[in-house]
2 protein chains.
Amino acid sequence: MSDLRIAIAGLGTVGGGTVRLLRANAALIAARAGKSVSIKAVSARDKKKKRDCDLSGIDWVDAPIALAKRDDVDAVVELMGGAEGAARDLAEAALANGKHFITANKALIAAHGGALARLAEKNKVHLAFEASVAGGIPIIKTMRESLAGNRMTIVRGILNGTCNYILTRMGQSQLAFADALKEAQQKGFAEADPSADIDGHDAANKLAILAALAFGAEPDLKSVEVEGIRNIAPADLTFAEELGCRVRLIGIARLVDGKLEQGVRPVLVPKSLPLAQVSGVLNAVMVHGDFVGDLMLEGSAAGADPTASSVVSDIIDVARGNMPFAFGVSAAALKKFAPAGMAQHAGRYYIRLQVVDKPGVVADISAILRDEAISMEALIQRSRSIDEPGPVVIVTHETNAEAMRRVFEKLASVKTVIEKPCVMPIEE
Amino acid sequence: MSDLRIAIAGLGTVGGGTVRLLRANAALIAARAGKSVSIKAVSARDKKKKRDCDLSGIDWVDAPIALAKRDDVDAVVELMGGAEGAARDLAEAALANGKHFITANKALIAAHGGALARLAEKNKVHLAFEASVAGGIPIIKTMRESLAGNRMTIVRGILNGTCNYILTRMGQSQLAFADALKEAQQKGFAEADPSADIDGHDAANKLAILAALAFGAEPDLKSVEVEGIRNIAPADLTFAEELGCRVRLIGIARLVDGKLEQGVRPVLVPKSLPLAQVSGVLNAVMVHGDFVGDLMLEGSAAGADPTASSVVSDIIDVARGNMPFAFGVSAAALKKFAPAGMAQHAGRYYIRLQVVDKPGVVADISAILRDEAISMEALIQRSRSIDEPGPVVIVTHETNAEAMRRVFEKLASVKTVIEKPCVMPIEE
């Protein structure tokens with residue numbers, strides 16, 4: 001085989017970028033892969049659409065599934081998206097037909113990664129998905145290959161550029177959430193319907209994949225506990241700064257007593273942690289391994305070019321015959337961990353309450369914490385004038401999420417607490 | 001072949017860590033590599049030395065070269081160090097005998113990487129050196145494999161933890177260079193003879209390897225222009241902070257008009273660049289690729305465990321049969337670039353002068369800059385009292401290194417300038 005023959009399904013942002021990259025750096029890629037990569041066929045929804053990539057000499061196929069059956073194709077590259085439907089059908093058909101399968105589709109891998117890995121191994125082909133998490137950041141290969149000697153204990157990441165942009169701008173310019181979101185939309189960093197991003201579901205898909213790689217497990221998306229950033233106010237960013245922290249939407253996966261804890265939520269990150277320094281639309285992932293210690297990768301996650309960089313690195317791996325196990329270990333050996341749930345999650349917490357400053361309000365709040373045996377590390381009250389609402393911020397000593405949930409319920413029902421309390425863990 | 005059989009030469013810090021890691025995570029490694037790794041033989045200087053690794057069941061060999069000739073060894077791991085002598089002999093013998101060769105030896109690879117890569121390819125075995133640069137940070141694999149689709153344009157790194165620790169401490173606590181060095185030595189972050197670190201030669205070896213990977217060239221250590229950090233004063237850290245920057249010893253490699261610029265020197269890094277946020281003994285490397293954009297990896301570079309993590313990732317690659325070209329492209333295709341030299345390096349510069357505050361001193365200094373057509377972006381003078389020496393700091397607009405060299409000579413000869421001027425480029 002003198003070249004690797006591929007087919008690409010999906011010519012949107014990432015698909016177009018991948019075609020452009022393969023053409024622009026064709027000679028370089030051939031020199032590094034030891035063989036050239038040729039695009040034999042493509043498929044996309046609308047053949048007539050004007051695209052900024054050159055499709056000359058490439059067959060057009062209307063039904064993507066047809067790509068899986070071509071004799072002149074060694075590897076299928078799926079860049080359509082979606083956990084079900086055409087993408088899943090194509091994955092299953094390609095692998096069953098002995099084609100390598102490369103995808104940028106986080107939803108597909110988070111939902112069906114285990115089954116697809118088994119299918120790939122059965123058919124002795126490679127399942128690759130570097131572009132499914134954190135765009136251009138090669139975190140999949142790093143965890144799967146570079147850290148292969150390590151027992152990984154925790155993976156934490158800023159996995160959604162939209163949320164990180166919004167939180168960064170709220171902190172820099174005291175923008176309200178809605179205004180920061182609008183700005184992100186105007187700059188093309190947020191979708192018209194932003195809910196998948198700001199409610200944390202996009203990050204949850206990526207976290208499930210990272211957790212699977214870290215712990216040699218099947219992705220278990222359903223067990224990821226998710227909380228978005230809609231409830232964050234500019235005041236939270238200000239108080240976080242006062243406390244030496246930044247607010248970040250963080251995905252965290254770790255093993256707790258043999259159970260798998262997976263959560264996506266806004267947290268206070270001390271500035272001494274490198275993740276706190278990651279600003280704007282950048283993504284970053286920090287992995288802890290028993291020998292390597294903390295390793296952080298930071299880079300561009302959004303856009304055609306960085307994502308195409310990751311897709312092409314998978315293509316070159318396939319061309320070179322580098323085919324590690326999809327999730328680090330043989331699909332047959334993938335574990336299924338019981339979910340740990342967050343209830344026992346221990347740590348310090350940040351609480352912000354909007355209160356009417358009547359006599360006794362702090363006494364009421366303190367009593368609720370005392371009743372749960374939670375002691376306070378700090379309490380900040382900024383009173384403007386009697387009867388005008390103002391914030392009260394509390395930093396607790398170490399407690400657990402279950403106790404904090406009860407505290408939250410009780411605080412929310414206090415008459416002088418006039419908004420939903422904002423509660424965030426403080427990362428250590 | 002049911003397992004990968006290795007031999008290890010050198011049982012110092014890294015060698016001991018590698019043995020410990022291979023034993024501690026043996027089952028995990030076998031699951032990820034698809035086969036187990038067995039240590040057949042070791043060699044080190046002193047057989048009687050007490051070590052914190054278990055050598056039971058492993059043959060001891062006095063002469064490391066004997067490891068290259070054993071029929072029961074598939075791969076030789078060299079952790080002795082040194083560009084010549086035993087390490088080089090072992091590398092050449094192992095590769096010539098068809099053994100894979102894995103090393104943590106930056107000096108060996110920087111000096112002989114091209115020749116060893118050719119020897120490896122000729123004998124169809126792998127030459128791997130992940131641990132030679134930045135300890136636990138997998139920058140070699142990242143550049144060689146993850147960024148293989150990119151045309152890399154610049155690589156910049158904090159490649160020496162000792163220097164970064166000293167500069168961090170000088171900035172945090174206004175320590176003099178000598179005091180920060182002494183502290184680093186007490187904490188085990190600097191050697192008794194620290195010159196290889198603080199004069200930049202350690203970082204130069206690593207930079208030559210990164211440049212080779214970025215541009216598909218043979219390592220060219222001799223062309224790296226090197227300047228260490230002995231000349232930095234606490235005042236420089238203070239002024240840098242005022243200018244929104246941090247001082248870091250940075251290795252930089254880039255192509256300029258088809259020539260290769262390689263330099264290691266202290267520079268002012270604006271805090272907006274992620275490299276400025278890397279503190280203490282950590283290392284970090286930032287690579288720019290035409291599609292991926294800026295990618296940064298940050299982690300632990302020193303010590304037994306992180307370095308062992310990188311050695312073992314190479315061992316697992318060999319076990320899996322993943323054998324990319326040592327420097328990204330075939331050894332036969334490796335280029336030799338003419339050195340660009342720094343003379344034409346364009347950018348802004350920081351200048352600190354220690355002056356006796358006599359009338360006319362600023363006029364004299366300004367005239368020297370004017371004569372080289374260099375305009376000033378900022379001038380800070382902190383006069384204490386007449387006739388008491390004090391600092392003058394200048395930030396230039398963009399100029400080039402050649403002009404700055406002449407300015408340096410002229411400034412150094414001004415009578416009222418009483419110390420060697422400190423000149424640093426400002427990274428953009």
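I count two residues as in contact if their C-beta atoms, placed from the backbone, lie within 7 Å. With that settled, I opened the notebook on B:T142. Leaving out neighbours within four places in sequence, I found B:T142 in contact with A:P138, B:L147 and B:L297.

**Ground rules**

I am working with a predicted model, where local features need pLDDT of at least 70 and side-chain atom pairs count only at pLDDT 80 or more, while totals for chains, interfaces and linings use all residues. Residues are numbered from 1 along each chain as its sequence is written, and chains are lettered from A and ligands numbered from 1 in the order in which they are written.

**More on B:T142**

I looked up where B:T142 sits, and its place is in helix 5 (residues 139–146) of chain B. My helices (H or I, at least four residues) and strands (E, at least two) are DSSP runs, numbered from the N terminus. Is B:T142 buried or exposed? It is buried, with 25 other C-beta atoms within 10 Å. For the record, I call a residue buried if 20 or more other C-beta atoms lie within 10 Å of its own, exposed if 12 or fewer, and partly exposed in between, with C-beta atoms placed from the backbone. I also checked B:T142 against B:L297: they are 155 residues apart in sequence, yet 9.2 Å apart in space, C-alpha to C-alpha.

**Where the chains meet**

Next I went to the contact between chains A and B, which takes 45 residues from each of chain A and chain B. On the chain A side, helix 2 (26–33), helix 5 (139–146), strand 12 (293–299) and helix 11 (304–320) each supply at least two residues. Helix 11 of chain A gives the most, with nine residues. Sorting the chain A side by class, I got 21 nonpolar, 15 polar and nine charged residues. In that sorting Ala, Val, Leu, Ile, Met, Phe, Trp, Tyr, Cys and Pro are nonpolar, Asp, Glu, Lys and Arg are charged, and the others, Gly among them, are polar.

Strand 12 of chain A and strand 12 (residues 293–299) of chain B run antiparallel and are joined by five bridges. I treat two strands as paired if DSSP finds at least two bridges between them. Across this pairing, A:L297 stands opposite B:L297.

**The symmetry**

How are the two copies related? I noted that a rotation of 180° with 0.0 Å of shift along its axis superposes chain A on chain B, at an RMSD of 0.0 Å. That is the relation of a two-fold axis. The C-alpha of A:L297 is the one in chain A nearest the axis, 2.3 Å from it. The superposition is by least squares on the C-alpha atoms of residues with pLDDT of at least 70 in both copies. I also see that 100% of the interface residues of chain A are interface residues in chain B too, so the copies meet through the same surface.

**Domains of chain A**

I have chain A divided into domain 1 (3–136 + 306–331), domain 2 (140–301) and domain 3 (346–426), with bounds from an automatic or database domain assignment. The centres of domains 1 and 2 of chain A, taken over C-alpha atoms, are separated by 27 Å. Their contact takes 19 residues from domain 1 and 23 residues from domain 2. Helix 4 (residues 106–122) of chain A brings the largest share of the domain 1 side, seven residues.

**Strands**

I traced an open sheet of six strands in chain A, in the order 3-2-1-4-5-6 with parallel pairing. Strand 3 (59–60) and strand 6 (127–128) of chain A are its edge strands, each pairing on one side only. Strand 2 (residues 36–43) of chain A is joined to strand 3 of chain A by two bridges, and A:A41 stands opposite A:D59 there.

Then I turned to strand 9 (residues 245–256) of chain A: ten of its twelve residues are buried, so it is largely enclosed by the rest of the structure. Strand 9 pairs with strand 10 (residues 259–270) of chain A in the antiparallel sense over twelve bridges, with A:I252 opposite A:G263. Their hairpin has two residues between the strands, and A:D257 takes a positive phi near 50°. Strand 7 (residues 152–158) of chain A also runs antiparallel to strand 9, with four bridges.
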